[in-house]
Each structure stands twice: as structure tokens, then as C-alpha cells.
Amino acid sequence: MFAQPNLRIVTPLSKRFGTARATRGRTPIGQILVDSGALDPGDLLRALALQAREDVPLGHILLTHNMVSEAALYDGLSRQWDARLADLTISPPDVRLIDEIGAATCIRGAFVPWIRVGGATVIACARPAEFAEMEGLLRDTFGPVLMAIAPERDIHDALLRVRKSQLTQRAETLVDEDESCRQWHTRKLQIRVALFAACLATVGILSFNALVAMVLAWTLFTFYLAAGMKIGAATMQVLDRYKYKHRPRPEATKTSIARLPVVSIMVPLFKEKEIANHLVRRMRDLNYPRELLDVCLVIEDDDDTTKATIAATDLPRWIRPIEVPAGSIRTKPRAMNYALSFCRGSIIGVYDAEDAPHPDQIHAVVQRFHERSPKVACLQGMLDYYNARTNWLSRCFAIEYATWFRVVLPGIQKLGFALPLGGTTLFFRREALEKLGGWDAHNVTEDADLGIRLVRHGYRTEIIETVTQEEANCRPWAWVKQRSRWNKGYAITWAVHMRDPVKLYRDLGAWKFFGVQVLFGATLSQFVLAPVLWSFWLLMFDVAHPFKEILPQSALIGIGVSLFVTEVIQIAIGVFAVWGTQHRRLAIFVPTLQLYFPLGVLAVYKGLFELFTCPFYWDKTEHGVFNENNSGS
């Protein structure tokens, strides 16, 4: 226990005037550290120069650049604020006090209600200059408060020792129940599908031709919708490129940023053996200031493989592991929800384990957020592959991604549709992300779901022209497993948002509502019913076919010609997508996508089967099989 003079009652000054006023009249922490011999005067000058343009405490800069030890820094803070150092290991915090305000709030604010002293509550705090800003909340919760000092790491450890299970459960239920798929009822789905199948069977028994006509009509309808959206998006991109080729784009004027923000980047890892050293090297390549980078390696606490890999890797201070306790499910979004509370940044980014982002990417993201209104809550970067020429499958994957990220997604944005997000190179304003409840922990395509929820809540997503290199999944069965998870998640996402179509229509408006139906419903229908379209080619060989019984020859020819023309246009779009990139030589492989897409059909059937058996199962994609140095030629 400690004496009363070493505890300080927080005044409301910094609540009214901010952190600068809160520290006014106190000896600067830098001077205290220099006077004690813990800090070199030259290092202090360098740190102060950095702090002048960065929104980060001086102590964090000193620690990041190894200018001072953690023990010396917190000893200096205790003297600056006339507050005692709290040893949370010897004297753990009172669980009842933590529950009064919530463990997640404590982690976010880097404080923990420790003990009661007389009629006041002692708060152990890692950021005393910010402490008074929370004074209103703390007084409303605890009454009179006193401050002690403790390292942030010790505060987190103390909270996790007593409230790990609470934080775990919270990560699984952050999204409101009516917007989450956690109440997905497999049994209900089975009954509905059985009833639908019974209806189709009844129609087939009464009139086989009527059944064939229904299937054909829906197949063609969804095909033309999906193809029309893709062609429309490509047209927007072609016109945009032509416009600025003949009329140069006016040079953008960047508005200066007074103080650069802290950016937290979450990198979910699971059973990674080879990726750690590559990952650290790629994060080091980012040229954003180290003291403003907060890279969080999100790992499951029972994942001994990844933990051993991380333990054998020399991590700089700005890269830290966050262990996620086991829960009722194991998914990437659940892990990210858990880690979100531990992030320090006002901007939250997401990378995959194998990502190699452009060195200037974080600067570009910060600049774009600075220039846009708070309604632009998300930025989606472009993805490409560094092993595009490893084999035929990786070539097709690279063409598909070039088409999606360089043509279709930007075109969809210009058309005014809601953007389904990719799972990586995503950046969010933290405030907006937390208002939405983070990610749906049960959705295996949490990115696409979040993209729709952002729009429903009045936010916008923009494509940002900065590229992240990834590792193409170029082993057939691994590709099918990855794609089946995506298809399953798309189906769940569409079903969840269509629980109340009227409300979805009101939230999105007619045009965006239509876009959701095309992006999700029509696209999934195309994969499921692709064999129906393939069967059209049998008519060229005069094979007996049910379509001949319900359509005249002229109609069959017209449909066949339209399908052929549409496929030629889509091949042209693929060539257009890769022509202006480093993958121009892949243009000759674009026609072979006709042999690549059947794998997607196999994947969608696998995904639909899992809807009935294991809707929340996360089929893990293994990373680190290929890298920049063995990408093929």
C-alpha cells in the first residue's frame, strides 16, 4: 500500500483545456530523464523534433527508438506527476472495480481501477498526461479518483489475468445480433431448402419443360445481370482512362497534416511456420515513422506453431504479438475484434500474413483520410501477386485480381454501388469501426459483410491507388478451399442482409439495393448454375438437349450468340486489366480463364454444402509456400 501524499486527485483542467494545459507548470519529462542521467540530451532534442509533427507522447518516441528504458521512463513519470508507481503483480487490481467500467474501456485507455483508499478509487495509468481527459467518465463511475503510474504492458497483463474470458466473449458478440450471422440456424436452412427442392420437384413432375424453362430463365437473367454490371464497371474505367489520357488530370494539391496520427495494423496469423521473418522485413520497408506504427500480430493463444515462430523472431518494439484466448469459434474476425481493444491507433489497418505493401502506403492512407470527410470511413487498397508466374493457376489468379481491383471495383465505385471489401489492405477510421461493432465474428467473409454495413450506417468506402503484393494461392485444392470459404461467406452475408429486405432497401436506396442483389445473389447464382450455361455449347454438336423442346431454333441461336459475344467482351476486359501493369505478358492467358472458372463451381458447391454442416468453419489458407524469391518466371 502507499501513502496518501503519493496519490494525486485529478483536477478538471485538462478536461477543459487538453493535455498541454494538464502538464503546464510541471517539469517536462524529458528534463527529468536528462537530469537523472537516463536520457542523452541529444536524443531528447531528436525526440522533441519528432513529437512536434506527430500525435504521440514523448515517452512513446523515446521507448520506440530505445533512447530510454521502460523502467526509467515510468520512474520519471511518477516524479513528474507526484504519483506512486503501482506494482500490479504484487497487488492485483480489484475485479469489482474493473467490472464497473469494463475491461475493454480500461485497455483502450491504458488504465485500470486498482484499489479503494478511503473514499477514493486509485487508478493505475500508463498515460498520465491523458488521464485528466478521462476525469469526467472516471468520476461518474467511481466518484473521487486518485492516480498512480504503471507501464501499459503491466496494465494489460493485470486485466487479462482477471477478465480474459469477458474480453473473449465480447469479441464474439460485438456486432448487433440483427446484423450478425451468429444466430444462423442450420436446421431452418435445411428445412427451407428441402421445401424449395420439393417445389421444384413438383413442378418437374407436373411439367418437365416448365422446370427447364424456369431454370433457364433464371440462369440467363442472372448471367446478364452479373455480366452487365462487370461490363458497365469496365466501361466507366475505360472512359476514365481515355478522358485523362487526352486531358491530363489536374495535379492534386496535398493539404498539410499538422500532426501525423498513430496507425495500428493488425496481421492475423494462424499456424504460420515460414512467414514471420518475411513479414517483419516487409513491415520494416514501410517508411511511416516507427513511433507512429503499431503492428499487432494477432495469434491464437493455443497456436504453438506461430508462437514458436514469433518467439524465434527478433521483433522491434513497434511490432508486438497479441494472443487471442480460445472461444466458442475460431475465425479471423473474432481474433481482430479481440485485438481491436489493444490497438493504439486512430486508424486501423489489416494485412494478411504474406502481404508486401508499397513502402509509401501508410502515408498515402493517412493523407487520403485527412483530405476526406469523416463519412469516408474505409479505404480499400489494390491487391496484386508477386508470384503471378509460378504456374498457370497463379497466372489466372493474377488476371482475376487485376480485373477485380483495377477495373471492376473502381468501376463499381463510380457506378455508385456499395463496395464489398477485400480481406486485406483495408484501413478504417477507428471511431467508425467501433460504432459498427467491428467485424461479425461468425462471418467467414467478414470483409464483404462489413462493406455493406458501412454503407447501411451512412459511411463510404473509397478505392486508394496503392498496391499490396500478395502470394497467389496456386495449388488446386488449396485454391478450392479458399474460394469455397469466400462463396460460403458471400451466401451468408447476402442472407443476413436480406433478412429484412424492406429495411435494407430503406438503408441503401434503390440503386445500391439493386447492386447488392447483383453482387451477391446474381454472382452466386452464376457459379451454381454455370453447368446450365456450359450445356449450351452442346447444341453446336446437335446433341439432344431439353432446351430444344422449349425454345425455337432462332432463340437458341440468339442466346448462343449473345453468350459468345459477352464472353469475348469479358476476355477484352481481362486484357485491359493486365495491359497497363507489370503483368502485361499474362494477356495471352486471359482466354484460358474459361478453364479456370470451373474450379469456382466446384468451390461454390463445397461452400454451399458447408452452409448446412459447418457454416462458421474457417478453412485456413496456408501462407509462405511461395515468396518473391521463388515466384517463377
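No disulfides are found in a search of the whole structure, which is a predicted model. A disulfide is a covalent bond between the sulfur atoms of two cysteines. For Cys 296, the closest cysteine sulfur is that of Cys 343, at 4.1 Å. This separation is too far for a bond, because a disulfide requires the two sulfur atoms to lie within 2.5 Å. Cys 296 has a relative accessibility of 0% and therefore counts as buried, the limit for that class being under 20%.

Cys 396 likewise takes part in no disulfide. The nearest cysteine sulfur to Cys 396 belongs to Cys 474 and is 11 Å away. The relative accessible area of Cys 396 is 0%, so this residue is also classed as buried.

Cys 396 is in contact with Thr 592. Thr 592 is located in the loop that runs between α26 (553-579) and α27 (593-613). When neighbours within four places in sequence are left aside, the contacts of Thr 592 are with Trp 392 and Cys 396. With a relative accessible area of 23%, Thr 592 is partly exposed, because this value falls between the limits of 20% for buried and 50% for exposed residues.

The side chain of Thr 592 also reaches the backbone oxygen of Phe 589, at a distance of 2.5 Å.

Technical notes:
Residues numbered from 1 in each chain as written. Predicted model: local features only at pLDDT ≥ 70, side-chain atom pairs only at ≥ 80, totals over all residues. Heavy atoms only, no water. Helix = DSSP H or I, 4+ residues; strand = E, 2+ residues; numbered from the N terminus. Buried < 20%, exposed > 50% of the residue type's maximum accessible area, 1.4 Å probe, protein only. Contact = heavy atoms within 4.5 Å. Polar contact = N/O pair within 3.5 Å; in protein donor to acceptor, adjacent residues only side chain to side chain.
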